[in-house]
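Colleague: Before we rely on this model, I would like to go through the terms used for it and ask what stands behind each one.
Modeller: Then let us take them in turn, with the structure in view.

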Amino acid sequence: MSKLRSLTSERRTELARQALRAAIRLRMQLDVPPAAALCVFDAAEKLEVELRFVDVPSMEGMYVKNSGPDLRPIILVSGLRPAGRQATTAGHELGHHIFGHGTRIDQYVADSDENSPPPSGNEEEILANAFAGFFLMPKAAVEHGFKVRGYVPASATPQQIYAVAGWLGVGYGTLIHHMRSSLDLLSEEKAKALLSIQPKRIRHELFGAALATDCFIVDEAWSGRPVDLQRGDVALLKDPVAIEGDCLDLSGETPDGRHIVKALATGVGRIIGPSWAVFARVRPREFVGRSIFRHLESTDDDF
């Protein structure tokens, strides 16, 4: 019997508790409230962990432990994955760093998608997976994300789950699995029903047409982190809005009257509602390079 299969439910519970405690401590260290959303890439930068996006199709992510007193630890994340998946991968690799694990590499699983459950592994992998979930999606933040928008988690619609996942910066399926398996906010039957709906179908319903890029539902409840977009992505808003910055463009309305803000070029701008405003950051699609440079304006943007 393998070491993984020999893990008892009690041991798995203890690992989850360790991960939860570590996630709470790190949020406190970073001065991020329990109910707030965060950007894991910014968190890594604050911890002086070098995070880079790389063009490696066979890899999800990698943690490189620092090998000397003057060398920073490094997290590598594939630049070829969806944004929510990149965030979860970065959170996983950050977990390896927080727990003092050695160098680790997580390979791409070709038949997985954003609605698949998180992969299992040895104890260190289980710890890193659980840490990523609790760091990016603590129960207080998940419950707040639904409550402030007038949603009820147990009866949430696919579009409501999608909206909260976008605010948290994670994938639609990732949030559902976490709500079911770790937070006990969804029944198994409800989770299965939600997972039967693919994100591309939700985007089609929201946008009113097929959409090859990502879209985010942005409103006055969006707080704690900027709206992070890749070139070509869209933000959908019910409120009339104005924009600041050449990286954004007002692009009309959807059939149901939502205002469309398109990510036009790399840079930082603002989306301004009737009584609220939020920063929006745009990076190149499939960006490769150091994370701290991902929003720097480029003279050759042309989407």
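Colleague: What share of the contacts between residues at least 6 apart in sequence joins residues at least 24 apart?
Modeller: In this predicted model, 64% of such contacts join residues at least 24 apart in sequence, where a contact means heavy atoms within 4.5 Å.

Colleague: How many of the residues count as buried, and what makes a residue buried?
Modeller: Of the 303 residues of the protein, 50% count as buried, and the term requires a relative accessible area under 20%.

Colleague: How do you know that β7 and β10 pair, and which way do they run?
Modeller: Pairing needs at least two bridges, and four bridges join β7 (residues 234-237) to β10 (residues 259-263), so the two strands pair; they run antiparallel, with Leu 236 opposite Ile 260 in β10.

Colleague: Why are β5 and β9 said to stand at the edges of the sheet?
Modeller: The open, mixed sheet has the order β5-β7-β10-β9, and β5 (215-217) and β9 (248-253) are edge strands because each has a single partner strand, which leaves one side of each without a neighbour in the sheet. From one strand to the next, the twist averages 25°.

Colleague: What makes up the lining of the second largest pocket?
Modeller: Its 38 lining residues comprise 19 nonpolar, seven polar and 12 charged ones, and those nearest the centre are Pro 82, Ala 83, Gly 84, Asp 214 and Gln 230. The volume of this pocket is about 640 Å³, and among the elements that each supply at least two lining residues are α3 (83-98), β5 and β6 (227-230).

Technical notes. Residues numbered from 1 in each chain as written. Predicted model: local features only at pLDDT ≥ 70, side-chain atom pairs only at ≥ 80, totals over all residues. Heavy atoms only, no water. Axes fitted to C-alpha atoms, helices over the stretch in contact; angles between N-to-C directions. 1 Å grid on protein atoms, 1.4 Å probe; cavity = no way out; pocket = protein on both sides within 12 Å on 5 of 7 lines; lining within 4 Å. Points joined across faces, edges and corners; volume = space filled by probe spheres on them. Nonpolar A, V, L, I, M, F, W, Y, C, P; charged D, E, K, R; others polar. Buried < 20%, exposed > 50% of the residue type's maximum accessible area, 1.4 Å probe, protein only.
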